[in-house]
Amino acid sequence: ADATARAAPDDDDDDDELENKETNQDDDDDAAPADEEEDDATAAPDDDDATAPPNESASSSLTPPKDEVAKEVHISEEDPRPHLNLVFIGHVDAGKSTLSGNILYLTNHVDKRTIEKYEREAKQRNRESWFLAFIMDTNEEERAKGKTVEVGRAPFSTDVKRYTILDAPGHKNYVPHMISGAAQADVGILVISARRGEFETGFERGGQTREHAMLAKTLGVRYLVVVVNKMDDPTVKWAKARYDECVTKLRPFLKSCGFTIKKEVKFLAISGLTGANVLKQVEAAECDWWEPLCAGGGNNTEERTLLTCLDNLHIVGRSAESPLRIPVLDRYHDRGTVALGKVETGRVVVGDMVSIMPTGTRTKVEQIVIGETEFVRSAKPGENVAVKLANVGVEDVAKGFVLCSTPCPAVTTFTAQIALVELLEHRPVFTAGYDCMLHSHTCDSEVTVARLLHQVTKPAAGKPPDKKKIHFAKQGAVVVAVLSVPQSICLEAFDDCEQLGRFTLRDEGKSIAIGKVISLGSNNRGSKNK
């Protein structure tokens, strides 16, 4: 009896194997017509072939090997809704991750069960109010300390637009990470804490509110939405006086950063924890002054909520007809070399031949992925893409390189206009030989001042600008100088391509100056835009 019992499973296994063989035979029979169709497709062309769709060659390059037919990808067309990158910036503990997580929850991109799990985890850490931040802060170090380290990424969408959240770290030690996130952003959301003492700490000298706002403008953020967060805090209680105090102090500083307050800056009072004024407007019983303020257009806030404000922003200057420019943020190997970046100008299409600058390597675009899994035939300006490149290794692509249709200029010297914002106390003089770090789009490089040309001053009425030669400059000055870098980097004149014509200078972990490229050196290895 025992022997019979032990033999029974073996008999079942034999039956399973027989069924599997029959199933495989059926699959082979089903696959036969497909093979015949492929043979027909490779036969001599006839009249029917002349009507083949124009993108047939592009889709064929995306067809996986025969042993991976089951994993064949679906290639979709572009989503007509515009895409915006939102970078959340501000001082540490201002509530950036909590606000980011709540937006995902309110727009139904995080389910209730996940939220309940994060609530239990936050309670175990005695940090009940951190549960929304856990949506964006995923690693153990970030959750234990309550500080964002890497730039968190998460997509969400509304009926009008698609968005990608870039949750930047607020701590001063991680400003380089914040720069890499802001370099891809279209809209900056500057999160200010209204809680007593926290706003003052972030805004005073050395606070990250000032540095982040300056960097955002330099790195190409088109609009800045200033959200005064934690308005529900017991020290604030939605007091209009506190909101007005924060806005009044921020206006002159943001103007000094280069923002046009009336056109490019919006102010909103919110609570990132409760969601008030994020998706739905705060109750009048809780805050009776918000509706009248918005109705009158006060503080540039005609929209009542954050998401409504974002949906009504219109980004100009995105040209699909311009030469293709995709600054590379990262790269990895996945059955080929894949480059990550944002399409700044132009359009990238599967099958296109592109150049990798500054090396000048030519390659073919094999696949384009938007998000994590959406394969598309082409991508327009503003899209975050993963581009699979043919016949190049991972060592041929690096952070700071640029994928382009026509070669992008690669230089070691260039002339720039530089605004000296805040020099170091022990290095108060900016002169020839001054060395520091340059950050432009996704590129980081050492840089040295070759020579100062002149200082830029406001001319008197009816007189030409004064271009007096100088040998040094101090904080607050605006100068024109020639800068040099040890190895070729991709830059363009600001008038030709704004995204590749801005830069920031940092020294000893502190942003000291912002600038724009006026002209390129004679060692330009690329071709200028026509």
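User: At roughly what angle do the axes of helix H8 and helix H9 cross?

Analyst: In this predicted model, H8 spans residues 208-218 and H9 spans residues 240-256. Their axes come within 10 Å, and the crossing angle is roughly 40 degrees.

User: Are H8 and H9 parallel, perpendicular or oblique to each other, and what is the handedness of the crossing?

Analyst: Angles under 35 degrees would count as roughly parallel, and 65 to 115 as roughly perpendicular. The axes cross at roughly 40 degrees, so H8 and H9 are oblique to each other. The handedness of this crossing is right-handed.

User: Which residues of H9 meet H8?

Analyst: On the H8 side, the contact is made by Thr 209, Arg 210 and Ala 213. By class, the contact of the two helices has 4 nonpolar, 1 polar and 1 charged residues. The H9 residues are Leu 250, Phe 253 and Leu 254.

User: How many residues of H8 are buried?

Analyst: The buried residues of H8 include Thr 209 and Ala 213, both of which meet H9. H8 is mostly covered, with a buried count of 10 of its 11 residues.

User: Which residue just after H8 takes a positive phi?

Analyst: The phi in question is about 105 degrees. The residue is Gly 220.

User: Is Leu 307 buried or exposed?

Analyst: Leu 307 lies in helix H12, residues 306-311. Beyond four places in sequence, Leu 307 touches Ile 103, Thr 107, Phe 156, Val 278 and Leu 279. Its relative accessible area is 5%, and the cut-off is under 20%, so Leu 307 is buried.

User: What separates the C-alpha atoms of Leu 307 and Val 278?

Analyst: Leu 307 and Val 278 are 29 residues apart along the chain, and they are in contact. Their C-alpha atoms are separated by 6.2 Å.

Methods:
Residues are numbered from 1 along each chain as its sequence is written. This is a predicted model: local features need pLDDT of at least 70, side-chain atom pairs count only at pLDDT 80 or more; totals for chains, interfaces and linings use all residues. Side-chain values use heavy atoms; hydrogens and water are left out. Axes are lines fitted to C-alpha atoms, for helices over the stretch in contact, and angles run from 0 to 180 degrees between N-to-C directions. Helices (H or I, at least four residues) and strands (E, at least two) are DSSP runs, numbered from the N terminus. Angles under 35 degrees count as roughly parallel, over 145 as roughly antiparallel, 65 to 115 as roughly perpendicular and the rest as oblique. A crossing is left-handed if the near helix is turned anticlockwise from the far one by less than a right angle, and right-handed if clockwise. Contact means heavy atoms within 4.5 Å. Ala, Val, Leu, Ile, Met, Phe, Trp, Tyr, Cys and Pro count as nonpolar, Asp, Glu, Lys and Arg as charged, and the others, Gly among them, as polar. Buried means under 20% relative accessible area, exposed over 50%, partly exposed in between (1.4 Å probe, protein chains only).
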